[in-house]
Amino acid sequence: MGVSFFLARRLSLSSQGHRSSPAVRVAVTAVALSVIVMMGAIAIVMGFKDEITRKVSGFNSHILLTLHQSAPDPESISDDDYSESDRSTILTLTPTLNKIILSSPGVTDVAVQASIPAILKPAGDFKGVYLKSLEGESLKDFISSSLLKGSLPDYSSSESDNLIVISSKVADALSLSAGDSVDTYFITDKLRVRKLKIAGVFDSHFEAYDDSFIYGSLRLIQNLAALTPGQGTSLAVSVADLSRVDQTADLLTDNLISAYQQGMIYRLYRAESVTQTGAAYFQWLSMLDMNVVVVLVLMTIVACVTLCSGMLILMMDKVRFIALMQALGASRALIGRIFLLLSVRIALIGLAIGDIIGIGILYLQQRFHFMHLDAESYYIDFVPVKLSAPAILILNASVIGIILCVLWLPSRLSQKKVPARLLAGE
């Protein structure tokens, strides 16, 4: 391997007076472009998954705990026991329940959530929405990151109870902006009205959510719905590792069932992860995985075919070198290894160029978002990318491995006998 590696490293890539063979330039370009496209496809899909997961978990929380109205025999609990009609039951976050939830592995925070139907009625127009409490780490972080105007109120103080945050879609429909006040009607046991002030305007690009929800104080909702502190319609649970949210939800469900069986709590709860509450969005994302596979396969085929063609042309250019090596007694295997390593050398040059350009473009997109999307179709107004060192290393290693396997066959052609008269240039 030492001799073949030395000769492959020192062998010129020039051809017929050119600084480098046109075939070599085409091969390097093909590998570089293939790597850029493959890296981009992987980074964009990973970015899409992160952004959509962040948005869906922001609205729905990492894990949503809802109350099961009837309490069946603890020994015969099944998924069929949980009906959709029971989800609106009022629940209470007791100290015992709070302790059980926070003691579950992976759980970092739990917060009471509540919502109430409301009608925003500025002069000359109106709109029906749900006023939802702005509670829970994931929801606060998400709405804060989506703010366009104003600020996020501090609802720990009762002075902020009349402050709300609305979406830009609602604001545009009602000609409202941050700082405006709007009469808001609430439908409970009787019609109630409050004058609420808009503290901030956000835009998540999720039309279904932006058009239906505004956010405000949990204390205000509890007062309007005659709830006591600690009561709400659901519990928002945050987790440390979002990639393990399904496993965390399963563990939490097991802990709650165990606590119910032991008599520590007297109601059953269902824990739904963000992948369940936002199943439609994640099914859409799963379709992107197939697109990535197709892109990876096509780009790998293009790179390999171009490299094989370049290698064959290079062998034709180096036919006198092959004849000389055979005249000096070099084995066929040695000559084959030389051209195999020479092709790998070309591939590595293309790989390095592709990595530099690809990482550079993706970094700029991650930093400046200069490539835009239609937010109504993709829920995001820019092309999201995620640079992952492990993914880039795996991609590079896979490309090199596939190229080595594919180039083995054309390297065998360099082992054929070459007429000795070629040494004299005949």
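**Helix faces and helix packing**

Analyst: In helix α3 (residues 95–102), the residues L97, I100 and I101 are buried, where buried means under 20% relative accessible area and exposed over 50%, with partly exposed in between (1.4 Å probe, protein chains only). Their arc around the axis is only 95°, which puts them on the same side of α3, the arc being that of the directions from the helix axis to the C-beta atoms. This is a predicted model, in which local features need pLDDT of at least 70 and side-chain atom pairs count only at pLDDT 80 or more, while totals for chains, interfaces and linings use all residues. Residues are numbered from 1 along each chain as its sequence is written, and side-chain values use heavy atoms, with hydrogens and water left out.

User: Which residues are exposed on the other side of α3?

Analyst: An α-helix has 3.6 residues a turn, so residues three or four places apart point the same way. On the other side of α3, P95 and K99 are exposed.

User: How should I read the packing of α2 and α4?

Analyst: Two packed helices are described by the angle between their axes and the distance between the axes. Here the axes of α2 (residues 22–60) and α4 (residues 137–145) come within 7 Å and cross at roughly 120°, the axes being lines fitted to C-alpha atoms over the stretch in contact and the angles running from 0 to 180 degrees between N-to-C directions. The two helices, α2 and α4, are therefore oblique to each other, since angles under 35 degrees count as roughly parallel, over 145 as roughly antiparallel, 65 to 115 as roughly perpendicular and the rest as oblique.

How values were computed. Helices (H or I, at least four residues) and strands (E, at least two) are DSSP runs, numbered from the N terminus.
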